[in-house]
Amino acid sequence: MTRDFAFDFEGRYRLPALLFGITPSTALATVSDDELLVRFGPWRLRTPLDNVAGTQLSGDYAFHRTAGPAHLSFADRGITFATNSRRGLCVSFVDPVAAMEPTGTLRHPGATMTVTDPEALAAALHR
């Protein structure tokens, strides 16, 4: 069974996202029986569900740190796929995953996604 989670676009995030090819039709998190796939404009993250170590609800993001493209945290190398400042889900991984750059050299120990229902995404990842 596959479940899709749309991203929650806040009005002021739409134009910066559009500049990078991120729209409601190009931003989606999908959980299947065995993997998580995130599409965020040109960026992709794919990992087996067995690689999900945990989840945590988060929010109140700074616009200048989250609007537009996928963002890299210099503090922990995490990646953020944000379309609003209100709330999202931070997913941590057992083994870091590729997503930011095409060679896969840079790996991320976690990813934050601002989907419309972060609680349901957390439940789908923990089944």
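This is a predicted model: local features need pLDDT of at least 70, side-chain atom pairs count only at pLDDT 80 or more; totals for chains, interfaces and linings use all residues.
I take helices (H or I, at least four residues) and strands (E, at least two) as DSSP runs, numbered from the N terminus. Residues are numbered from 1 along each chain as its sequence is written, and side-chain values use heavy atoms, with hydrogens and water left out.

Entry 1: I looked up L19 and found it in the loop between α1 and β2. L19 has a relative accessible area of 65% and is therefore exposed (buried is under 20%, exposed over 50%, partly exposed in between, with a 1.4 Å probe and protein chains only). Together with L15, L18 and F20, L19 forms a nonpolar surface patch with about 440 Å² of accessible area, the areas coming from the Shrake-Rupley method with a 1.4 Å probe. For such a patch I count residues with over 30% relative accessible area and no salt bridge, nonpolar side chains (Val, Leu, Ile, Met, Phe, Trp, Tyr) being joined within 5 Å and like charges within 9 Å; a salt bridge is a side-chain nitrogen of Lys or Arg within 4 Å of a carboxyl oxygen of Asp or Glu.

**Entry 2: aromatic pairs.** I count three aromatic pairs, where rings of Phe, Tyr and Trp (its six-membered ring) pair if their centres lie within 6.5 Å, planes under 30 degrees apart being stacked, over 60 edge-to-face and the rest tilted. The ring centres of F7 and F40 are 5.3 Å apart and the planes stand at 50 degrees, so I record this pair as tilted. F7 lies in the loop between β1 and α1, whereas F40 is in strand β3, 33 residues apart, and both are buried. Y13 and F63 are edge-to-face, at 5.1 Å between centres and 85 degrees between planes; they join helix α1 to helix α2 across 50 residues. Y13 is buried at 1% relative accessible area, but F63, at 30%, is partly exposed. Finally, I noted that ring pairs link F7, F40 and F81 into a cluster.
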